[in-house]
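Here is a friendly walk through one model, from charged pairs to open space. Please keep the sequence and the 3D view at hand as you read.

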Amino acid sequence: MTSTYTGSCHCGAIRFEADLDLAAGSTRCNCSFCTKARWWGVLVQPDAFRLLAGEAELIDYQFGSRQGHHLFCRTCGMQPFGKGYVEAIGGAYVAVNLGCLDDVDPSVLAEVPIRYVDGRHDNWMSPPAETRHL
């Protein structure tokens, strides 16, 4: 069931709301970026995401294929969301960092299914051989 959640960066300069179906699952990836950042995300269509404040505070980082925009707060360094376009996953998306949600109970997060993807080898439809560290 889809619910509207609010989220922010650590200092509060960037604030957003997103319509998420947490029961539909989340993603953890083993690419070099996601592994180091400990990223835990939910992908949504752009119309399910609303940036409420802080657009001018966002810093964009891209690497590799440059399909994804990793967006950070210039003040606190948090990455509350990212965005991009990948045809194989349906085109345009916004990736919401579940760790930056402000109004979700930890017991709800504990029940969110996780789908592991092998981004390190650009194998986005399959899990990596090892996931325990993710």
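E17, D19 and R50 are joined in a network of salt bridges, a salt bridge being a side-chain nitrogen of Lys or Arg within 4 Å of a carboxyl oxygen of Asp or Glu. This is a predicted model, in which local features need pLDDT of at least 70 and side-chain atom pairs count only at pLDDT 80 or more, while totals for chains, interfaces and linings use all residues. Residues are numbered from 1 along each chain as its sequence is written, and side-chain values use heavy atoms, with hydrogens and water left out.

How many salt bridges does the rule give? The count is three, and the table sets them out.

| Pair | Closest N to O distance |
|---|---|
| E17 and R50 | 2.8 Å |
| R132 and E130 | 2.8 Å |

The salt bridge of E17 with R50 ties together parts that are 33 residues apart in sequence, because E17 lies in strand β2 (residues 15–20) and R50 in strand β5 (residues 49–53). Helices (H or I, at least four residues) and strands (E, at least two) are DSSP runs, numbered from the N terminus.

E17 has a relative accessibility of 22%, so it counts as partly exposed. D19, at 22%, is partly exposed, and R50 is partly exposed at 26%. In the remaining pair, R132 counts as exposed at 74%, whereas E130 is partly exposed at 34%.

Next comes a strand pairing. Strands β6 (residues 58–61) and β7 (residues 68–73) pair in the antiparallel sense over four bridges; two strands pair if DSSP finds at least two bridges between them. L58 has C73 in β7 as its bridge partner. Six residues sit between the strands of this hairpin, where G64 takes a positive phi near 55°.

On the surface, L43, I89, W124 and M125 make up a nonpolar patch with about 390 Å² of accessible area together. Patches consist of residues with over 30% relative accessible area and no salt bridge, like charges being joined within 9 Å and nonpolar side chains (Val, Leu, Ile, Met, Phe, Trp, Tyr) within 5 Å. Accessible areas come from the Shrake-Rupley method with a 1.4 Å probe, and for residues only the protein chains shown count as cover. M125 is found in the segment after β10 (114–117) and counts as exposed at 52%.

Which residues lie nearest the centre of the largest pocket? They are C29, L43, I89, Y93 and W124, out of 40 residues in the lining. A pocket, on a 1 Å grid over the protein atoms alone, is an open set of points where a 1.4 Å probe fits, with protein on both sides within 12 Å along at least five of seven lines; lining residues have an atom within 4 Å of a point. About 970 Å³ of space lies in this largest pocket. The elements that each supply at least two lining residues include β2, α1 (32–37), β7 and β10.

Finally, A23 is in the loop between β2 and β3, and A23 is exposed at 62%.

Note on methods: Buried < 20%, exposed > 50% of the residue type's maximum accessible area, 1.4 Å probe, protein only. Points joined across faces, edges and corners; volume = space filled by probe spheres on them.
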